[in-house]
Amino acid sequence: MSGTLPVFRWRLAPDGLATRRQLRARNLRPGGQDVAAQLERPRRRGRPPLVAYLYRVDLAQPVRPMTPGRWRAHAAMMRARRTCPACRRDAGYVIPTSLGTCVPCTYPDQPESPRSC
């Protein structure tokens, strides 16, 4: 990013520019290009505006496909997020970081449900 960026208000960006999320919805990625513009959404009570960076759609590249190794790494990451550190069982859901353990380990006094870890 060099110099000053053009700034557009919320929902007033010209065609041909998109955020990362909008690019991803089209199966595209920025592909190393610099930020083309900035989008600002005003907020109330003197808070600073929300900012999103815009990229040129014509310079965007296709998303790289998932390789078998990436799929394995993703599966291992999700398995780790489902594994309770206390009882070492697969909870069947992503364990909330606010609890740190599965629900039965967090609340052992509660009656057992048919689907416990």
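Reader: How many salt bridges does the structure hold?
Author: The structure, a predicted model, holds two salt bridges. A salt bridge here is a side-chain nitrogen of Lys or Arg within 4 Å of a carboxyl oxygen of Asp or Glu.

Reader: Which side chains meet in them?
Author: One joins Arg56 and Asp58, at 2.7 Å from N to O. The other joins Asp90 and Arg82, at 3.3 Å from N to O.

Reader: Before we go on, how are residues numbered, and which pLDDT limits apply?
Author: Residues are numbered from 1 along each chain as its sequence is written, and side-chain values use heavy atoms, with hydrogens and water left out. In this predicted model, local features need pLDDT of at least 70 and side-chain atom pairs count only at pLDDT 80 or more, while totals for chains, interfaces and linings use all residues.

Reader: Is Asp58 buried or exposed?
Author: Asp58 is exposed, with a relative accessible area of 56%. Buried means under 20% relative accessible area, exposed over 50%, and partly exposed in between, with a 1.4 Å probe and protein chains only.

Reader: And the other pair?
Author: Asp90 counts as partly exposed at 43% relative accessibility, and Arg82 counts as partly exposed at 24%.

Reader: Where does Arg56 stand in the sheet?
Author: Arg56 is in strand E5 and stands opposite Leu17. Two bridges join E2 to E5 (residues 50-56), and these strands run antiparallel. Helices (H or I, at least four residues) and strands (E, at least two) are DSSP runs, numbered from the N terminus.

Reader: What is the order of the strands in that sheet?
Author: Four strands form an open sheet in the order E1-E4-E5-E2, with mixed pairing. The edge strands are E1 (7-9) and E2 (17-18), each of which pairs on one side only. Two strands pair if DSSP finds at least two bridges between them.

Reader: Which strands run parallel, then?
Author: E1 and E4 (residues 37-41) run parallel and are joined by three bridges. In that sheet, Phe8 stands opposite Leu39 in E4. E4 and E5 are joined by five bridges and run antiparallel, with Gln38 opposite Tyr53 in E5.

Reader: Which residues make the nonpolar surface patch?
Author: Tyr93, Val103 and Tyr107 make a nonpolar surface patch of about 270 Å². Patches are made of residues with over 30% relative accessible area and no salt bridge; like charges are joined within 9 Å, and nonpolar side chains (Val, Leu, Ile, Met, Phe, Trp, Tyr) within 5 Å. Accessible areas come from the Shrake-Rupley method with a 1.4 Å probe, and for residues only the protein chains shown count as cover.

Reader: Where does Tyr107 lie?
Author: Tyr107 lies in the segment after helix H3 (103-106) and counts as partly exposed, at 44% relative accessibility.
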